Structures are given as C-alpha cells and as structure tokens.
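Good morning. I will go through one structure today, starting with its ligand and then moving to the protein around it.

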Amino acid sequence: MPKVMPDIAHQTNASLEGTLDWVGMSQIEVPLMVQADEGAPRQVAAKVEAMVNLVQPKAKGIHMSRLYLLLEQLSNESSLTTETLRLLLTDFIESHDDLSDQGRVRFAFDYHLQRASLISGKKGWKAYPVMIEGRLTTTGIDIELQVTVPYSSTCPCSAALARQLIQQAFSDRFGAEDKVDSETVHQWLGTTQGIVATPHSQRSLAQVKIKLAADANELPICALIDHIEDALKTPVQAAVKREDEQEFARLNGQNLMFCEDAARRLKHHLNQFDAAADFWLRVDHLESLHAHDASAVTVKGLANGYTA
Ligand SMILES: Nc1nc2c(ncn2[C@@H]2O[C@H](COP(=O)(O)OP(=O)(O)OP(=O)(O)O)[C@@H](O)[C@H]2O)c(=O)[nH]1
C-alpha cells in the first residue's frame, strides 16, 4: 500500500487569508540549452526564478514541485526559445488552474561569444550577462531580453583639459622659436614631455532591456549585443596584441563619452533595432576620477511602455 502523506497545500487552509501577486522559487540552478539568434542551441548554467500568482485567498499555497518539474522538463527535453518559453508559462498556469491565472519565469545566465580583435585577427571569449523573462498575464505573454555589455569610456572634459596642457607644453618648448623644425616636433611628440597629460577613462556598463514583439520567434541575444557594441564603438576587448591596443586607443580618442553621450547613442541606435518593441537602458561609468559612478537611465518613451 502506498504511504498516505499529509498534503498541506490541499488539506489545509491559510491561517490568514489573502491573495498574493507572485509566489514561487528563485535561484533554481538549471543547465539549459538556449537557442538564440539563428544559431545552434548552446548550453548555459542558468539561475531561474519561477512564479505564479495566488488568487485563492483561502489556499494554503501553490504547488512548487509542479513549476520545478516543468522547468526540469524544459532543461532535459528541449531548448529555451520564445516558443518553449510561452509553452512553459502556459503549463505553469494549467498546472495551477484553480489557484493562479498569471505566471512569470526569469532565466539569468552568462552567454559566451567569441569576439574578434580589432586589427590582429585573433579571437577570444567574452561572457555577457543575459536575462530572459517571460510573463503570462491577462493581456497575453510578454518576453523581455536584457543584456549587460562592458565598454570603455574616455571623459571628453578630461580630454579637452589634457589637450590644453599639451598646447601649453608646446608653447613652453617651441613658443620662443621663429621657425619650428617638423622632425624636432615629431620627436618631441613621442615623449612624455610632448604628450604631457592623458585623459582618464573607465570601464563602463550598458544594461539594455528590450521587449520582444508579441509574435517574435527568435531570441536575438547576439544581435542585440552587436548592436550595442556598434553604437558605443569601444567595447571591452578579449584577445589583444599591440596593434589592437593602439586601435583601441584611437577608438577611445575618437569616441569621447560622458554617460549622457553613451545613453543618447544607445537610445538612438535602439530606436532602429527592429526586434525591440520597447526598450529600457542604463549606463554606469565606473569613474576613475571619482570614487562614485556616473549613471544615466532612459526608455523608448511609449505610452504605457517602460518607465525609467
Ligand atoms: N507552497 C509552498 N511549498 C513549499 C514551501 N517551502 C517548501 N515547500 C514544499 O514544496 C513541496 C512541493 O509542494 P507540492 O508541489 O504541493 O507537492 P506535492 O503535493 O507532492 O505535489 P502535487 O501532488 O502535484 O500537488 C512540498 O513538500 C512543500 O512543503 C513554501 O514556502 N510554499
């Protein structure tokens, strides 16, 4: 005879009644195949949050194991795509038909991309933090994709101040001479006395969240990261030889950025990213001049869309 076990969720009522907006599990560790862009499925180590609402005020609780096992099934039997994500959310609700009518699931993982160096043709891996969230509500299913992209930002103010010091050093060195010999100047520019000051720059982070179109059939992880790096021009590099480092210095010098500049650039470019029905973005410049960061947040600006 099978052992009869107490089933608190079914047999007991809540001691204090009330509905709940979200209840479920967080930090679930799941190895998962992710099928993004048009690429082959790729394994990631995800941390997952799976939740439903609780609309029965008297019910003791939801059935955590049902959500967990649906997630396990996704991990073992298929890949994460927009289609399987919608199915998972529908199954969450169907497994809780008397208790819940809304569900949400969030996958957080690092997505590795092999990036080419700027000049030398070498390649190296970069790990990009990614978050994919699906929500089933009374208005339908929404899917969001968030990526975090590290880049370098050189301060335009510091660059102008450094240029002024270089001009001053030039005047001090050559100002008294009627005629300046170009070879002498060329040599002098190659010394630390010639380039007497350098602007400060910092590792910076762009967090971009997009809402996919309702009929999206693809998770555009790589496309979004490429779009962001194209906009900023100074992504953090993987494999670097000296020629790559020199090109990086040139790109930094030609793309001086306050956090406002970076946020405006991204906003402009994301308005041209077709897969994004809406977007939210935040940039953080982890200042080397200050002990605090410079940050900016903005959204596409749709009525009833994301808010900053
Ligand atoms: N609802 C709820 N369950 C919890 C919590 N913490 C641990 N659990 C446990 O999660 C386990 C799974 O719950 P259920 O899904 O209801 O398990 P079950 O009754 O064997 O599954 P079904 O027969 O499908 O209902 C139970 O053993 C609960 O005690 C919590 O905070 N809330």
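Which residue has a polar side-chain atom 2.6 Å from an oxygen atom of the ligand? That residue is arginine 66. A polar contact here is a pair of N or O atoms within 3.5 Å; within protein, one must be able to donate a hydrogen and the other to accept it, and residues adjacent in sequence count only if both atoms are side-chain atoms.

Before going on, a note on the model. It is predicted, so local features need pLDDT of at least 70 and side-chain atom pairs count only at pLDDT 80 or more, while totals for chains, interfaces and linings use all residues. Residues are numbered from 1 along each chain as its sequence is written, and side-chain values use heavy atoms, with hydrogens and water left out.

The shell around the ligand consists of Asp7, Ala9, Ile62, His63, Met64, Ser65 and Arg66, where a residue is included if one of its heavy atoms lies within 4 Å. Helix 2, residues 64-77, gives the most to this shell, with three residues. Helices (H or I, at least four residues) and strands (E, at least two) are DSSP runs, numbered from the N terminus.

Next, lysine 60, which sits in the loop between strand 2 and helix 2. Buried means under 20%, exposed over 50%, and partly exposed in between, with a 1.4 Å probe and protein chains only.

The largest nonpolar core has 65 residues, and Phe107, Phe109, Ile132, Ile221 and Val283 touch the most other members. A nonpolar core is a set of buried Ala, Val, Leu, Ile, Met, Phe, Trp, Tyr and Cys residues joined through side-chain atoms within 4.5 Å. Helix 6, residues 221-232, gives the most to this core, with seven residues.

Alanine 46 is in strand 2, residues 42-54. Alanine 46 counts as buried because its relative accessible area is 3%. Beyond residues up to four places away in sequence, alanine 46 touches Ile28, Glu29, Val30, Leu32, Ala108 and Phe109.

Last, two backbone angles and one loop. Most residues other than glycine have a negative phi. Aspartate 37, in the loop between strand 1 (20-34) and strand 2, has a positive phi of about 50 degrees. Lysine 233 has a phi near 75 degrees, also positive, and lies in the loop between helix 6 and helix 7. Glutamine 237 lies in the loop between helix 6 and helix 7 (242-254), and its side chain reaches the backbone oxygen of proline 235 at 2.9 Å.

Note on methods. Contact means heavy atoms within 4.5 Å.
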